[in-house]
Amino acid sequence: MSFIGKTGPDLKSLAPVAWLICLLLFNGMEAFAQDGDGNVPPAVEQDSDAAIEPSDSPQPVAAAGGIPDSEEAITQGRQLFNGNCKVCHAINEVVVGPALAGIHERRPVEWIHAFVKNSQKVIQSGDTYAVNLFNQYNKTQMPPFNFSDEEINSILAYIKNETDNPVQANSPAEAVDGNQQGGSGGGSGISSDYLAIIVAALLVVLLLVLVVLILVVAVLNKYLGQRADLDPADKEIVQGGVKVSDIVKSRPFIAFVIFLFVSILAKTVLDSLFLVGIQQGYQPEQPIAFSHKLHAGQYQINCNYCHTGVYKAKSANIPSVNICMNCHNTIKTESPEIQKLYSAVENNKPIEWVRIHNLPDLAYFNHSQHVNVGGVECQTCHGQIQEMEVVYQHAELTMGWCINCHRETEINAEGNEYYDKLVKLHNANTGEPFRVKDIGGLECSKCHY
Ligand code: HEC
Ligand code: HEC
Ligand code: HEC
Ligand code: HEC
Ligand code: HEC
Ligand code: HEC
């Protein structure tokens, strides 16, 4: 009976094949999972210039009391509020300063203008309301803000809108919640959880299939074993069954295992050789438990409030203690971590932050060129800093990394006369977009002194 002759060997080779499939599946899933994790959604807009360079968009003419009520003004106000006031004020709750709900009804608009621009001046002028408030808040100084009347009005528009429509997130708890949702982008958490479940379910299904197959084979064997009309060769196969030990001892299997072992070894060695000198993931412990997640994420302080050079210089700069003290002379003064700031000020000693990103001296990198001119987001190179409790190095910082981005990134040369001729020449020669490599982004001397 020839059909047994055909199925026999098939069954024998079933085990290694199943093994291979499992392996491939597992590997594939792993790669898939990495993709799910690595696939961070595009960087969250950090309202990057709301605090420092408020937009000078035209304000529609004032409604009641000079406070505009257009969407545009409210949006601008929200940005200014989040970037400058939120650390100390909420709409309905006392944070460091009073709740601001209904402030436009509580105080005249001119008074608010004066107070926001320089609260100390108003207090020193002897204004009773201001002096009382100042005393009530334990003489906490509100810092002066260099805002125009229009900008302050837009903040008031935002506060008024939040006061009138309390449905929108206006308690600090809700606001914080919203923030974190926006911040994390819901990227990794959910998908990797789902992936784990899917992988587990697939494994269970595979196991079940395997068990059923084994049962089927057993039943078939038994049935065939009872038949008398088999020729001797078929009989031998039926009685022999599929022995695991035979498979394990078989040459192809041994060769396969050796091949697998050697390739994994080779890959590990090569990978680690390529990583020499690369500090990706470097996350040193810092002298003070400063959290970007709290400051840049939850409180949305602009990156360039602290990293003052980032838009206009080569280096981004690490903030000095003075910048911390703008807020921490009043915020969390009792915390031992904040006490470290005070002793640094008293002893006139800088805080010794451990540097994380560090190119070798032979390479030249300029922040303002990338962030300001090129419009590249911080997160593209540094990862989701606003979600990091402790900063780590997100990118490889290798020459290949710089070059790859220069090969791929298009630049917008419109309205930039400096590039006009170059763009024309480029467009005449190819139909490809104008990229960094076309302005010399691959020339050795641009990056090497
Ligand atoms: C460092 C903390 C801090 C920041 C930042 C801050 N404030 Fe204040 N603010 C206070 C404190 C504290 C008071 C209470 C008065 C005092 O102690 O001077 C106050 C009072 C006020 C008042 C008067 C409130 C009332 O009930 O009469 C207004 C209006 C105000 N702040 C608006 C703002 C605006 C607008 C911003 C952002 C542009 C801002 N504040 C940023 C701390 C702050
Ligand atoms: C309140 C001040 C403050 C704000 C706001 C802030 N940072 Fe920082 N940043 C620091 C301090 C202090 C350090 C040094 C300590 C550390 O590494 O955590 C630092 C370190 C860093 C580093 C690592 C520097 C190194 O040593 O290589 C990067 C990158 C960085 N910040 C990016 C950002 C980005 C992007 C933002 C905005 C999303 C931001 N920072 C907002 C204060 C701030
Ligand atoms: C614009 C205001 C602002 C600036 C500038 C600022 N912080 Fe903060 N910081 C805060 C606020 C708000 C909190 C949260 C306070 C709370 O949890 O009640 C905080 C919390 C902290 C904490 C946690 C304290 C604790 O024990 O919970 C540390 C540490 C800290 N900041 C360090 C720094 C350092 C270092 C700098 C300077 C590089 C800095 N901060 C600059 C507003 C600021
Ligand atoms: C095109 C990639 C890129 C972008 C975009 C970028 N950085 Fe950097 N950043 C780097 C590199 C590379 C270094 C290391 C520089 C060195 O060692 O000279 C660095 C270093 C830093 C440092 C520490 C040392 C220093 O230069 O003072 C800080 C802080 C920093 N970046 C903050 C920021 C902030 C904030 C932004 C966004 C406003 C930003 N970076 C955008 C690539 C980038
Ligand atoms: C995320 C993409 C990205 C990465 C990563 C990146 N760059 Fe750039 N780079 C740009 C863009 C975009 C410009 C063009 C800015 C402009 O319009 O002038 C640029 C321009 C430059 C220029 C000026 C080129 C010229 O001809 O004017 C230099 C130099 C440079 N980058 C160095 C570096 C170095 C060094 C690194 C790695 C440490 C690096 N870049 C990493 C995007 C990137
Ligand atoms: C876009 C910027 C950029 C350009 C263009 C560039 N390099 Fe580099 N190069 C780098 C950076 C950044 C490093 C440091 C990488 C590291 O530390 O791993 C580097 C490292 C090197 C090194 C290794 C030095 C060492 O100590 O390992 C050599 C050699 C080198 N570059 C040569 C060149 C030559 C030759 C060219 C022109 C064909 C060139 N580079 C163009 C950015 C650039």
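The model is predicted: local features need pLDDT of at least 70, side-chain atom pairs count only at pLDDT 80 or more, and totals for chains, interfaces and linings use all residues. Residues are numbered from 1 along each chain as its sequence is written, while chains are lettered from A and ligands numbered from 1 in the order in which they are written.

**Whole chain**

Start with the chain coloured by secondary structure. It has 22 helices and 0 strands; both are DSSP runs numbered from the N terminus, with helices being H or I of at least four residues and strands E of at least two. Of its 449 residues, 16% count as buried. A residue is buried if 20 or more other C-beta atoms lie within 10 Å of its own, exposed if 12 or fewer, and partly exposed in between, with C-beta atoms placed from the backbone. Among contacts with a separation of 6 or more, 72% join residues 24 or more positions apart; a contact means C-beta atoms, placed from the backbone, within 7 Å.

**Helices α16 and α17**

Select 321-328, which is α16, and 336-346, which is α17. Their axes come within 10 Å and cross at roughly 125°. Axes are lines fitted to C-alpha atoms, for helices over the stretch in contact, and angles run from 0 to 180 degrees between N-to-C directions. The two helices are therefore oblique to each other; angles under 35 degrees count as roughly parallel, over 145 as roughly antiparallel, 65 to 115 as roughly perpendicular and the rest as oblique. Show the side chains of Val321, Cys324, Met325 and His328 on α16, and of Ile338, Leu341, Ala344 and Val345 on α17, which make the contact. By class these are 7 nonpolar, 1 polar and no charged residues. Here Ala, Val, Leu, Ile, Met, Phe, Trp, Tyr, Cys and Pro count as nonpolar, Asp, Glu, Lys and Arg as charged, and the others, Gly among them, as polar.

**Two loop residues**

Next, pick Asn348, in the loop between α17 and α18 (367-373). It has a positive phi of about 55° although it is not a glycine. Most residues other than glycine have a negative phi. Asn348 counts as exposed because it has 7 C-beta neighbours inside 10 Å.

Then move to Leu397, in the loop between α19 and α20. Phi of Leu397 is also positive, near 65°, but Leu397 counts as buried, with 20 C-beta neighbours inside 10 Å.

**Ligand 2**

Select ligand 2 and the 22 residues that surround it, of which the closest are Cys303, Cys306, Ile356, His357 and Cys378. A residue is near a molecule if its C-beta atom, placed from the backbone, lies within 6 Å of it. Helices α14 (292-298), α15 (303-306) and α19 (378-382) each give two or more residues to this shell. It divides into 13 nonpolar, 8 polar and 1 charged.

**Ligand 5**

Around ligand 5 there are 24 residues, the closest being Gly374, Cys402, Cys405, Gly440 and Lys446. Two or more residues come from each of α18, α19, α20 and α22, and α20 has the largest share, 4 residues. The shell holds 15 nonpolar, 8 polar and 1 charged.

How values were computed: Two residues are in contact if their C-beta atoms, placed from the backbone, lie within 7 Å.
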